[in-house]
Amino acid sequence: MSRCGRMPNRRQAIAGAGTALMSALLPGGAHAGRATDNALLPKLTDGRHWRIGYAETMPYGNYAGTLASIVKGLDALSWLNGAARMPYDAGQSDSEALWRWLSARDLGPRIRFVADGWYGGLDQASAEPILQRLESGGDIDLMIVMGTIAGRKLALDRHAVPTLVFSTTNAVAAGIVAAVEHSGRNHVWAHVDPERYHRQIRIFHETFGFRRLGIAYENSPAGRAIASIADIEAMAGQLGYELVARHVQAPVGPDDQERYYADLAAAWGDLSRQVDAMYITFGRWSLERFPPLVRIFQERGIPTFSQLGPEEVAQGALMSVARSDFDGIGQFGASVIARLANGERLADMRQIYFDTPTIAWNLAVANRMGYRPAMSALLAADNIYTSLGTMP
Amino acid sequence: MQRKTGRFLATFLPSVLLIVAALVFSAGINLGTFRRDCGDALFSTFSVAGRKVVTSIEYAVKYGKTIDNFFGMERALNQLRTYLPQADGVAVALPNGQIAYAIGTYGFKDRAGDRLSGYEQRRTTEEFKRNASFNYHDTDNRSYELYLAIRDPSDGRWIGTLMIAASDSVIDEYVRAFERHTLILVGTLGAAAILLLGGLALLPERGRGGLGRPRSGRAALAVAALVQIAVGVTGYGAFSDAYLRTVENTTGIVENIVATDIGSVIGRGATYHTFSGIDDYFREIIGIVPHFKGMSLAVPEGADLSGSLGSGQPAAKGDLVTGRALATDADFVTPTLRIVIDSDFIQRNMLEVVANNVTILIISLMFIYELHAFVSRRMRPTVETVTETEAVVAGADAAAATGRSLAGLRFLTFVLYFGMFLSASFVPVIMQTFDSGLFGLAPPQAAAIPVSVEMLCGALAILLAGRISARLPWRTMTAAGLAVAVLGAVVSGMTGDPLLFIVARGLVGAGTMTALMGLYRLIDRIRRIDPATGAYSDLFSGMYVGVNCGAVVGSLLADAIGPHAVFLIAAVVLTLGIGQLLLLTPEPAGAAAIAAAAPAVADAKPDGDTAPARRVWSDGSFLAFLLLVSVPTSACSMFLIYYFPLFASGLGQPASTVGQAFLLYGLCIVYLGPLLSRLMRSSNLSPGLPVLASGLIMAAGLTTFALTGSLVGAFLAILLLGLSDSFGLTAQQRYLERLPVVGTHGLAVPQSYHLNARKIGQVIGPMLFSAAAVAGGAGATLIGLGLAAALLLHLGLSVLALRRRPFMAKTA
């Protein structure tokens, strides 16, 4: 008989170290995990394995990046192992290939990625087959959902399968969850960063002091939620600028994409003559098509701010303040899954997590506009780009 | 032969002891000050680099980054460490004390842990309400630590703390060479001085008008003073070198920071054409580094850079301009960074170094003079019985005994105040070190409690001692007071409980004031034998030397070994005081002499002879003296203690200026006091006149300050205040002795009221000067006029009383 009680095995020791490391890495809003590290580790007595499914609005770098980081986070918490060789490269938008790899491997007894549990293109495809599968309650225990549209389609009460929604602009405004702090529903949870767009607009306004801010979006509940129009309007009241809006219908299918680009070019061209700054909200364009679209603002000396982040600054927007990488949100998401698996209710879990912001400037765009950013602004910048983007 | 050897040893050994003590004290104080200056220099360098990083962090916060979730913080902190290779580590803590980022050695990370200590949290919370930074030497961890506030640029809210730490070994490195040099110098000078004194001791006694051995005590004092001056002069060289090295280091670090900053922007593809705001960037740096007068980019001919490329002032004659090539951009432009070093600023600071060195030297000389005064007065030879009559011999013996008594009194007062003031600089700070709070009080309130309790217990002890002095011999009272103070000092150093600490400070206050009252009783006895004695001025001299030396040595020791150990050293000093009291402070003269001299002091009724019919404060002349002399003069003296530090700080003067003002005042008390008091006694003036004169000089000092409103005017006022108190304090005591109340109640009780009235004046003084500060320059004039009016009113009342009671003639 040992008086020391049960000794931790090697795996637990490694898991403990991983948790400690993760706690040390977890910043800001994820600090909740630090105080209850044990709540994140798998229980030795619990033999249940979780079958996970996935759905996304469309192929998008943020979605694949977030998924990969969640998997890494689960690995760090010992819920699975062997994720280090995952086929993911930064900027990759193909989550299906990643899913295939994950579902084809034995990553341990606790988590299994269901081979036919991946669903894409929900921006245009119907969610009915997924909902029916979830309603039957047969082979999926947890859904990871990426994007506002996919979230709106799947975070319904028709089923009871726990559904975690990531990468939405404003999950509350989109109606996915009831409130910022907690979802209010037992089977739905969504990541929320309520201040993200307030911050962006405030910084953009402090830098350029604009009076008329241009914005283009689809005038539908989903379109307004994706662009986080409520936040932008609220800031207009606070900062005292006038919002000049143009509405562009999102593409209804691949065949409608060119119409979308044409409408967008017309709207932006129109705005470039009427505003003194342009806030480029999330859109349905590809990054390759972005440089020619945004050029009109460069030529007219209108500063542009990308809601998306450095990717669009690299392609010709003047500046952005957005998240640095997916590590933080991945760890936060993994901690939510871990708590869920350990018996906590989704309705009680904190949804707010502040992404570490990074600052990006495009000096080539600034030069073309005849604008010279302050030395201090460049010193604070994390990314500086010096080309106008790759033209198709 | 044996007699000659005995005389040689009797002359030589005290001189050697004096020299050794002088050298140990001056070497210790020089090394301590140099170490502290090196620490300050290190903090100054850290502060410049740290502030630059804080500015960058704050700028990023403006761009939406949050301190607890700051992408790129590790990069910024790593960069800071490369600027400051002496630093063990750097960390950023949140206002709640949680350390969010830490970069450095394993030792640093282990020490820092994941939270700031309770003391550090309380200190940052309090300091950052008023200041942008603070530093301290953590003697427990042997680490120098600088804390800088990080604020939200939008609302100035404190959002984090940048901490930079370096271990003691960094300072040890700096100090080692100076230490070696000083010890060699001190050893050589000491050996030479001892040889010289040995030679002097071997010379035959000086005959009338002939050559020969000078008075050995004075020779030893002169030699000791010369040695101290030599140590001080060489110390100045090292101190000024250290200052210039700091300037050089800081400039080099800033050059590195600017080169790195610009390199980081240029290295990411920007050119000098593509960004603006370099002038703002330079302006921020000039605001951080006080010796920078201007900064600019010098661009090669042909490079067409638009906008302002510099900030600050151009170089004037005598200014130093540094140059450093910066990164080359994609357009092949390589500008040079030019920094203009303000030679006036450097000169001003060098003058300050001189002033600080002179201060140290004077304090060392004061210390050695006290030792000399004690030793030489104790060694004063008695009259040879072979050549003198018995009566002369008896009188001379009594005078020698009284002289030894006076020497003991002065040195004991010095020891008492030295021990008491060792901890004066940090008692309020100690309260912040206790993790357990005190009844939920805010730190500034809690910090004031031990000082207040010490004063309150002191005041109560004075009253009690006045009451019981008739039943308690002076020596017992002094010894008991010192013993209580020792107990208080020991408990202060050992306790970890704030309440017990406060009790301990109360014991120190009560003990020291009881001991002081015992010393006043000794003066009574001396004055019964020799009414013309300068005992009061000896007491005040010992007091002010003790205050100055104690405060300086205490703060240096606290820096080096920590405040708790200093309390224990204070306990040892006070214990030595008990030893001196019991072994080296004889009664003023034999019992016969006391009996013969008993009626000498103003026909004084022996203390507590019979129960007084009326209460002491119901005596009109005594009450008038307290209200119109004791309280107002004491309140006006608070100009130095309360008002001047605020005034000097408002002018941007360093803390050392305040120290110099205290020293100037102390010098007046210590050296002018005995001289003027002697003059006062020999002139047979009525004590009322010196009281009036000293008060009017004080009023003139305040008016001078009010009329000039300058630092020079303030120093002049302090000189006049010192001059006034140098004989005024003694004159007040002598005046008190002549009041009718002493005849009815004895001296002890009225004296205790007088001392407490002065304490009340010390409480009223700050209030008066606060009100005066609101009224501007006219305020101090009003206080001065008020004092003059009070004194004249007192004079008028005294004259009136004189007419009614002619027996008071001697008093007025």
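**A helix pair in chain B and its setting**

Mentor: The axes of helix 13 (residues 498–529) of chain B and helix 14 of chain B come within 10 Å of each other and cross at roughly 155 degrees. Such axes are lines fitted to C-alpha atoms, for helices over the stretch in contact, and the angles run from 0 to 180 degrees between N-to-C directions. Helix 13 of chain B is therefore roughly antiparallel to helix 14 of chain B; angles under 35 degrees count as roughly parallel, over 145 as roughly antiparallel, 65 to 115 as roughly perpendicular, and the rest as oblique.

Some conventions apply throughout. The model is predicted, with local features needing pLDDT of at least 70 and side-chain atom pairs counting only at pLDDT 80 or more, while totals for chains, interfaces and linings use all residues. Residues are numbered from 1 along each chain as its sequence is written, and chains are lettered from A and ligands numbered from 1 in the order in which they are written. Helices (H or I, at least four residues) and strands (E, at least two) are DSSP runs, numbered from the N terminus.

To return to the pair, helix 13 of chain B and helix 14 of chain B make a right-handed crossing. A crossing is right-handed if the near helix is turned clockwise from the far one by less than a right angle, and left-handed if anticlockwise. On the side of helix 13 of chain B, the residues that meet the partner are B:Leu519, B:Ile523, B:Ile526 and B:Arg527; from helix 14 of chain B come B:Ala535, B:Tyr536 and B:Leu539. Two residues are in contact if their C-beta atoms, placed from the backbone, lie within 7 Å. By class, this contact of helix 13 with helix 14 of chain B has six nonpolar residues, no polar ones and one charged. Here Ala, Val, Leu, Ile, Met, Phe, Trp, Tyr, Cys and Pro count as nonpolar, Asp, Glu, Lys and Arg as charged, and the others, Gly among them, as polar. An α-helix has 3.6 residues a turn, so residues three or four places apart point the same way.

Helix 13 of chain B itself has 32 residues and reaches 47 Å from its first C-alpha to its last, close to the 46 Å expected at 1.5 Å a residue. The expected span is 1.5 Å times one less than the number of residues. Helix 13 of chain B is mostly covered, with 29 of its 32 residues buried. A residue is buried if 20 or more other C-beta atoms lie within 10 Å of its own, exposed if 12 or fewer, and partly exposed in between.

Helix 14 (residues 535–561) of chain B also packs against helix 20 (residues 711–738) of chain B, at an angle of about 135 degrees and with the axes 9 Å apart. That angle makes helix 14 of chain B oblique to helix 20 of chain B. This crossing, too, is right-handed. From helix 14 of chain B, the residues B:Tyr536, B:Ser537 and B:Phe540 meet B:Leu729, B:Thr730 and B:Gln733 of helix 20 of chain B. The contact of helix 14 with helix 20 of chain B has three nonpolar, three polar and no charged residues.

Elsewhere in chain B, B:Leu371 is found in helix 8 (residues 343–379). B:Leu371 counts as buried because it has 20 C-beta neighbours inside 10 Å. Leaving aside neighbours within four places in sequence, B:Leu371 is in contact with B:Leu18 and B:Ala21.

As a whole, chain B has 23 helices and nine strands, and 48% of its 812 residues count as buried. Of the contacts in chain B between residues at least 6 apart in sequence, 76% join residues at least 24 apart.

Finally, chain B has a partner. Chain A holds 16 helices and twelve strands, and buried residues make up 51% of its 392 residues. In all, 25 residues of chain A are in contact with 25 residues of chain B. Helix 8 (196–208), strand 11 (357–362), helix 15 (363–369) and helix 16 (375–380) of chain A each supply at least two residues of the side of chain A that touches chain B. Helix 16 of chain A gives the largest share of that side, five residues. By class, the residues of the side of chain A that touches chain B are 15 nonpolar, seven polar and three charged.
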